[in-house]
Amino acid sequence: MIGSLPLGFAEPLVLIGLLTLPVLWWLLRMIPPRPRRIDFPPTRLLLEIAPREETPARTPWWLTLMRLALAALIIIAAAGPLWHPPLAATQSRSPVAILIDNGWAAASTWDARLRTADDIIARAADDRRAVALIPLSDGARDISFEPAESARVRLHQMIPVPQTIAREDVLPAIARFLAATRDVDILWLSDGTDLGSGDKFVKGLARTLGGRKITIVSGGIAGARALTAADNAAGGLSVKVLRVNTGAVETGKVRALDLKGLSLGEAPFMFKAADRETEARFDLPVEIRNDIARIEIVGERSAGAVQLLDKRWRRRTVGIVSAATSDTDEPLLSASYYIQRALGPFADVRLAQGESPADAVSHFLDQRLPMLILADVGTVAGDAHDRLAQWVENGGVLVRFAGPRLAAAEDDDLVPVKLRRGGRILGGSLSWDHPQPLAPFSRDGPFAGMPVPTDVTVNRQVLAEPDATLSNNTWATLADGTPLVTAARRGKGLIVLFHVTGDTRWSNLPLSGTFVEMLKRIVDLAGTSNVARTATADAHAVHEAVPPTRVLDGFGTFISPPPTARPVPTNFSGSATADHPPGFYGPPESFFAVNTLAANDRLKPLDFAPLAGARHEIYRTSEPLDLRGPVFLAALALLLLDTLVVFFLGGGIQRLIPRRSRAAAAVMVGFALLALTLVQARAQDSPNPNVPPAALQTRLAYVVTGDTDVDNISKAGLAGLTLFLAQRTALEAGDPIGLDIGHDELAFYPLIYWPIVPGAPRPSEDTLKRIDAYMKNGGTVLFDTRDAIDAPPGPGGETRSPGMLELRNILSSLDIPPLEPVPRDHVLTKTFYLLRDFPGRFSTGQLWVEALPVAKNEEEEKRPARGGDGVSSILITSNDLAGAWAIQPDGQPMLPMVDGEPRQREYAFRAGVNIVMYTLTGNYKADQVHVPALLERLGQ
């Protein structure tokens, strides 16, 4: 490799020959030698004689430079230049030790690393050198040499691990290995990623090597990218996107999936040139965000590019109901305001607006919220009480805050403990001398482990009647032992009571961070399948562990847990390890997620500076390209150019071409070039005789029936329609063409007009198959029986005319779809003109088209024009359309209109325009039927 240029040489010692270029330059400057000057006066007579040829005194500088370049190219070609040369280990015969980073950061480019390692092992096998593979994720394993072929098999069995590898754990094994081995070539296939302890490993490796040389392979491929710190905030779900390398602008997408692997949304991200961290944000409804179980970087195959989410990331929706008038009079001092601000960072809050407590409770229960908060609400009466009790039984979490109304309530069964009426007030009959602080939180409650605030005091509370179950239902107490927070199970649900108000009238608890943390832990209990059991489990979370259910491999794919995976405690908050691989732990109804990276992990490139004598290489992403052929060709071209220059300077061209013929030769060359140009231009302008005219221009076609009169009318009719199209539309079609449907190619014509002649021979089966294939491939045939006036009277008479009977005989062997008369709202009635019917010379016949499917439970008369983008493959009429279109050369109609309607011929032409536009453009105007519905929505 030459610096960062992917260029190497098979025989680099040959490049020493480039040092001889100055000597070659000196020789070229000395040959030919300068002529000597001798004074000889009689030679003045020769000065007037013009020499026939001249020899320069010195070689021109540009010719010298060209010859030096020729010599340099020959030397370079002999050195064997290679583009993207293979990784050069060393040229010694020592054994090879390969250190391999096989953590998640190497997974996305694992194939490139395997290719590089396989190339090293292959050359070691050619030299019969032993190989030692040292995966840096396995620090406890002793290192030993093995044959190259065995190492290659073990290499291809190696896969990246899903956790961050602790490289420093392998340093003792490397030290023992080097102590037992005198001479070894060491290579480190690094992922270039440092997650915090990389400098410790690099410095330790430098000390362990003790002056031995090492080759570090890093770069040349994309660096690792990862996800961490997902946050389901109020406005949306955000996740941090990390990368190792900077210096370029990068964009990408992050995909959100549910437990079934279905995509719920995508979010873009962008790294600026100097950024190693950016953010992707999903702006989705909270109900959809709560279903997200996996976030991954699109196109990145690694466990670090996956962020798993469990119930801790779900954003619960909490309804707040308050009966206090301060919510309206002084909203910033109300209990609802303090509770809403405390819940804001981790829950979506819905406030009751202008409703009675009973109506608000019913309204929130209809929304199926997992948690409700009643701030100083007395007894909930009526049907709302029964519904609320049943909701708690089914798994809801009800949180209540005390206040004057709750203290005065009687026989309230939606409280966790029995309450005394009145309450306890500072300075009252049941008074304290001083406001009471909080006691340490119980180890058996969900508040276990929280620090006890020293600045929180209570000056009034609602007291609980002491009984045998009070201590078991108490989550937090005051310093004198009176309960501050109590809770009790109710079926699958939970009722929690704060014995103080949600505002600052009875306590300054709502002003503290402890209040926020207490509500957060209660909210975490909501929304699970069994809240009561979960609350008990959280109380003993320190002592419980859950086994793995599904874990990630190094590429970020779910697999079954390996035998080495151990259960994880439910209070686990770190990143994945070998004992606890990333994945889901516990039962599906309350699974626990372990991720590869913790929220505070960040990526940065490894610093190899302590390995001062290391040799640096990059990963190879393509096969080596031998450049000797192109370089030799370039040298040959220079050699030919040098020959021509010498030939020209020596007067060879003047000798070959007489002076008198030079002008004539120049004129001949000019004429030859001009003739070539004209021939090429003509060849480009002349059409290919093998391409039919219909392939170059849109044309209408008709079937040649053999009846001269009918064929002449068909030709004149389509010619008249083509002229009308050119006058009224943007379509400028070519002259119509008569087709022999048994032999001519039909694919070039969008519409074929077929007049039915009673008594004519029936087409052969091969011809009918061609027609059937033409219609199935998108072509349209317009059958015209031209006998509407001859149809028998009565219902269905138009289907029993002679032409119709002949047409049935023709179509009997074809796969014809169901037909129907053109509906009034069919796209044929609106493609260009708005039409009600499709007259020709006659107006009593129907135009039949392919029947459109009817949706279920849809009335026939209200059916919209739908049929996708397809066009009816068959059109049938008996109105003699071509007879109405037929125009004589002087512009007069060839045939009269039967009904005598003054504008019937104009309507016939309009019908033809609609038919042609329909076959060319499809159902592009079918969406017009949706305009009333769209206007109605906009009006709403």
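**Close-up 1. The salt bridge between D194 and K604 in this predicted model.** D194 pairs with K604 here, and their closest N and O atoms sit 3.9 Å apart. (For a salt bridge, a side-chain nitrogen of Lys or Arg has to lie within 4 Å of a carboxyl oxygen of Asp or Glu.) D194 belongs to strand β6 and K604 to strand β32 (residues 604-605), so this pair ties together parts that are 410 residues apart in sequence. Helices (H or I, at least four residues) and strands (E, at least two) are DSSP runs, numbered from the N terminus. The structure holds 37 salt bridges.

**Close-up 2. The largest cavity.** Its volume comes to about 130 Å³, and the structure has 4 cavities of 30 Å³ or more. Points are joined across faces, edges and corners, and the volume is the space filled by probe spheres set on them. Of the 16 lining residues, T164, I165, R167, T193 and L195 are the closest to the centre of the largest cavity. Sorted by class, the lining has 5 nonpolar, 7 polar and 4 charged residues. (Ala, Val, Leu, Ile, Met, Phe, Trp, Tyr, Cys and Pro count as nonpolar, Asp, Glu, Lys and Arg as charged, and the others, Gly among them, as polar.)

**Close-up 3. Helix α3 against helix α4.** The axes of α3 (residues 110-126) and α4 (residues 148-157) come within 9 Å and cross at roughly 170°. That makes the two helices roughly antiparallel. Axes are lines fitted to C-alpha atoms, for helices over the stretch in contact, with angles running from 0 to 180 degrees between N-to-C directions; over 145 degrees counts as roughly antiparallel, and 65 to 115 as roughly perpendicular. On the α3 side, the contact (heavy atoms within 4.5 Å) includes L114, D118 and I121, while α4 brings in residues including E149, R152 and L155. The contact residues divide into 9 nonpolar, 1 polar and 3 charged.

**Close-up 4. Helix α9 against helix α13.** Here α9 (residues 335-343) and α13 (residues 513-523) have axes that come within 9 Å and cross at roughly 70°, so they're roughly perpendicular to each other. Y338, I339, A342 and L343 of α9 meet F515, V516, L519 and V523 of α13. By class, that's 8 nonpolar, no polar and no charged residues.

Residues are numbered from 1 along each chain as its sequence is written, and side-chain values use heavy atoms, with hydrogens and water left out. In this predicted model, local features need pLDDT of at least 70 and side-chain atom pairs count only at pLDDT 80 or more, whereas totals for chains, interfaces and linings use all residues.

Methods:
Angles under 35 degrees count as roughly parallel, over 145 as roughly antiparallel, 65 to 115 as roughly perpendicular and the rest as oblique. On a 1 Å grid over the protein atoms alone, a cavity is a set of points where a 1.4 Å probe fits but cannot get out, and a pocket is an open set with protein on both sides within 12 Å along at least five of seven lines; lining residues have an atom within 4 Å of a point.
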